[in-house]
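This report is meant to be read slowly, with the sequence and the three-dimensional view side by side. Please look at the two together before going on.

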Amino acid sequence: MRFIRHIGRYMIMLFSVFRRPTKTSVLKELILKETDDLIIGSLGITAFISLFMGAVVALQTSLNLDNPLIPKSLIGFATRQSIILEFAPTFISVIMAGKVGSFITSSIGSMRVTEQIDALEVMGINPLNYLIFPKIIALLFYPFLIAIIMFVGIGGGYLASVYGNLVSSEDFIIGLQDSFIPWHVGYAFIKTMVFGLILATIPSYHGYYMEGGALEVGKASTTSFVWTCVAIIISNYILTQLLLS
Amino acid sequence: MIQVNDLRKSFGGEEVLKGITATFEKGKTNMIIGASGSGKSVFLKNMLGLFEPDAGEIIYDGEPLHDMEIERKSELRKEMGMLFQHSALFDSMTVEENVMFPLRMFTKMKLPERLARANEILSRVNLIGLNKKMPSEISGGQQKRVALARAVVNNPRFLFCDEPNSGLDPNTATVIDQLIQEITHERKITTVIISHDMNSVMEIGETIVFLKDGKLAWKGTNEEIFRTDNKAVTEFVYSSNLFHKVRIAQNKGF
């Protein structure tokens, strides 16, 4: 019953985010700030993780290739498929749920605790639009981040394979180009858009409707991370069924 | 003027406000006093429209709040200023940006005009020179003054203050009280202040509403409050050691 109440309140929140919009000039500034905080600010850590994950995928594939009949170019193929289909959109989104999601929940939650949200409301500003709408728009740029992550991840696989003497540069590139289906990139970006919406709204919901003090802000951040991950994993399954089956 | 008629509010079956009727006059500092848990904050939040009352009405200059469309409510709120108990300054903004915030949101003023207005109001609350500081870099009393500056910068018709001098030293508390009263008189604002500080009541309580257990127990002025026979009020007023000693002295004829 409580779960249904949360779903209902989340839906009402989504609807209210688009009502009584904030002044355009202010919104523009907020969107730029959120893009900087949420997207640009995440580039370093996600690229770092991606570089090494790409390297590990290549290494693991190579270590499991003990049959001489299987071409070494499979390392490039496996790296590309793993990074584009799952690693970049899904795994990085789970990491973003920890980094960006916790930041959103704790910043909005702190504003709730210190009555800053009440202050916005008393001034006649729609706090949901002021606080959450810019985050949703900023996370529309999330596919750009994921595109960079894809390049970096495959680059990490290439570096580990070639400089680790697992495969030659030519073989890796042959594998990379083998049986390439452009739709897979489209599928990854569609997933990324959905995950971006989840990353912007679920942590915001947990921050906005939290009750209590500083301790509860921490609890809300943890709960928000758990539910954001759950939503990402479930929607990943549904979208894969719908788009690839 | 704000008129409140038979206001009722419950939470989880417990009635917190039990039918309060009161009038808050224009150009006066109207105080709501009472012990902790008497319903003062809930009463204020109902007046601000942050809570929906179960029954009763709140009328702003002849306009009932509950009849207003959400857009009209938003418009009305642009004419309200609120000084929160813990200041509620936006911690991602500087002092100056906090003060300019209502101007930026609701007026077409350009930046130089906004800056001039912010400086004018900051000098009014004796805070010139702190413009570029973040709220975390200034003291509690200074934060309260910034919050007051933000509340009045857009010339509101209604000013609400939730325990404006709680946690402040007596000098700073007096400064805040005097500022609120001066601004109220200058601009003919309807000011409503929640407090349980008897010094404030004596200093600026032009009309006083006393709440007890969610009911209006007494109303009057700061001169009448020390002469009333109302037991609940006298218990509250003389619970302060200082006032208790003053009363003993008065009874002895000093």
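The sections below describe one chain first and then the interface.

## The model and the make-up of chain A

The structure shown here is a predicted model, and every value in this report was computed from it. Chain A contains 9 helices and 0 strands, so that, read from the N terminus on, the order of its elements is α-α-α-α-α-α-α-α-α. Its C-alpha trace spans about 70 × 40 × 35 Å along the principal axes.

## A bent helix in chain A

Helix 2 of chain A covers residues 24-64, which makes 41 residues, and from its first C-alpha to its last it reaches 56 Å, a value close to the 60 Å expected at 1.5 Å a residue. When you follow helix 2 of chain A through the view, look for Leu43(A), where the helix bends by about 45 degrees.

## Where chain B meets chain A

At the interface, 23 residues of chain B are in contact with 20 residues of chain A. Together the two chains bury about 2,000 Å² between them, and 60% of this area lies on carbon and sulfur atoms.

Across this interface 1 salt bridge is found, formed by the side chains of Arg104(B) and Glu29(A) at 3.0 Å, N to O. Between chain B and chain A there are also 5 residue pairs in polar contact, with both residues at pLDDT 80 or more.

## The side that chain B contributes

Four elements of chain B, namely helix 1 (40-48), helix 2 (70-77), strand 6 (80-83) and helix 3 (95-106), each supply at least two residues of the side that touches chain A. Helix 3 of chain B gives the most to this side, with 4 residues. Sorted by class, the side of chain B that touches chain A holds 13 nonpolar, 4 polar and 6 charged residues.

Methods: Residues numbered from 1 in each chain as written. Chains lettered and ligands numbered in written order. Heavy atoms only, no water. Contact = heavy atoms within 4.5 Å. Buried area = accessible area lost by both parts, 1.4 Å probe. Salt bridge = Lys/Arg side-chain N within 4 Å of Asp/Glu carboxyl O. Polar contact = N/O pair within 3.5 Å; in protein donor to acceptor, adjacent residues only side chain to side chain. Nonpolar A, V, L, I, M, F, W, Y, C, P; charged D, E, K, R; others polar. Expected span 1.5 Å × (residues − 1). Bend = angle between axes of the 7 residues up to and from the residue.
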